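I opened my notebook to look through one model, piece by piece. Here is what I looked up.

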Amino acid sequence: MNLINTKIPDFSVQAYVNDSFKTVTQADLKGKWSVFFFYPADFTFVCPTELGDMADYHEKFKALGVEIYSVSTDTHFTHKAWHDASETIKKIKYPMLADPTGHLARSFGVYIEEEGLAYRGTFLVNPEGQIKVAEVHDNGIGRNAEELYRKIQAAQFVATHKGEVCPAKWKPGADTLKPGLNLVGKI
């Protein structure tokens, strides 16, 4: 199922963020760039390395106007317990969404029915609520916040520069491409 350019579903979930519980809904995302960062479960092995990496980049993401939402099928109570127990998870300032019913994970196509867990899915959502980046990993493969940061920069550039596209490894300030007949066979 291809999710690119589809709208995110309506949702209402509990989250643990900044030492409190709060409800997060689709309405909270309107007009903002957002990343949904699905992972299998709290108190595991690869997950804290990824969430810690995202925590290290959180201020950079916020400077781009992007909010990070980590999501697992754990409850918000479990997120708090993990936050209290792990030095790595204590660094997290972004909302940790609870998806114990699997509604969000199913909606994004990352729910593992047999296990009640999610695959490692990363989704960038634009201010209009459309998915612009969708990447899913097997659960043994960790992700990299630096590469996600670059993809966000490229997606934001393309969104504000009609007719231009970003080539491989593009970073702000580098040349972009303007697709057209004059480029066919010349790259």
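Is Asn18 buried or exposed? I looked it up: Asn18 is exposed, because its relative accessible area is 51%. I noted the cut-offs: buried means under 20% relative accessible area, exposed means over 50%, and partly exposed lies in between (1.4 Å probe, protein chains only).

Before going on, I wrote down the ground rules. This is a predicted model, where local features need pLDDT of at least 70, side-chain atom pairs count only at pLDDT 80 or more, and totals for chains, interfaces and linings use all residues. Residues are numbered from 1 along each chain as its sequence is written, and side-chain values use heavy atoms, with hydrogens and water left out.

**Entry: positive phi**

I stayed with Asn18. It sits in the loop between S1 and S2. Strands (E, at least two residues) and helices (H or I, at least four) are DSSP runs, numbered from the N terminus. Asn18 is not a glycine, yet its phi is positive, about 50°. I reminded myself that most residues other than glycine have a negative phi. Then I found Asn5, with a positive phi near 70°. Asn5 lies in the segment before S1. It counts as partly exposed, because its relative accessibility is 40%.

**Entry: the hairpin**

S1 and S2 form a hairpin with 2 residues between them. S1 covers residues 12-17 and S2 covers residues 20-25. The two strands run antiparallel, joined by 6 bridges. Two strands pair if DSSP finds at least two bridges between them.

I followed the strands across. An open sheet is formed by 7 strands, in the order S2-S1-S5-S4-S3-S8-S9, with mixed pairing. S2 and S9 are the edge strands, and each pairs on one side only. The twist averages 25° from one strand to the next. I then looked inside the sheet. S4 (residues 66-72) and S5 (residues 96-98) run parallel, with 3 bridges between them. Val71 stands opposite Leu97 in S5.

Val136 counts as partly exposed, because its relative accessibility is 46%. Val136 and Tyr119 are 17 residues apart in sequence, and their C-alpha atoms are 6.7 Å apart.

**Entry: helix H1**

What span should the 18 residues of H1 have? I worked from 1.5 Å a residue; the expected span is 1.5 Å times one less than the number of residues. For H1 (residues 46-63) that gives 26 Å, and the end C-alpha atoms are 26 Å apart, which agrees.

H1 bends by about 50° at Tyr57. The bend is the angle between axes fitted to the seven residues ending there and the seven starting there. Tyr57 counts as buried, because its relative accessibility is 15%. Other buried residues of H1 include Cys47, Leu51 and Phe61. Just after H1, Gly65 takes a positive phi of about 80°.

**Entry: H1 beside H5**

I moved to H5 (residues 145-160). Its axis and that of H1 come within 9 Å and cross at roughly 25°. Axes are lines fitted to C-alpha atoms, for helices over the stretch in contact, and angles run from 0 to 180 degrees between N-to-C directions. H1 and H5 are therefore roughly parallel to each other, a label for angles under 35 degrees. Tyr57 and Glu146 are 89 residues apart in sequence, but 7.5 Å apart in space, C-alpha to C-alpha.

Methods. Angles under 35 degrees count as roughly parallel, over 145 as roughly antiparallel, 65 to 115 as roughly perpendicular and the rest as oblique.
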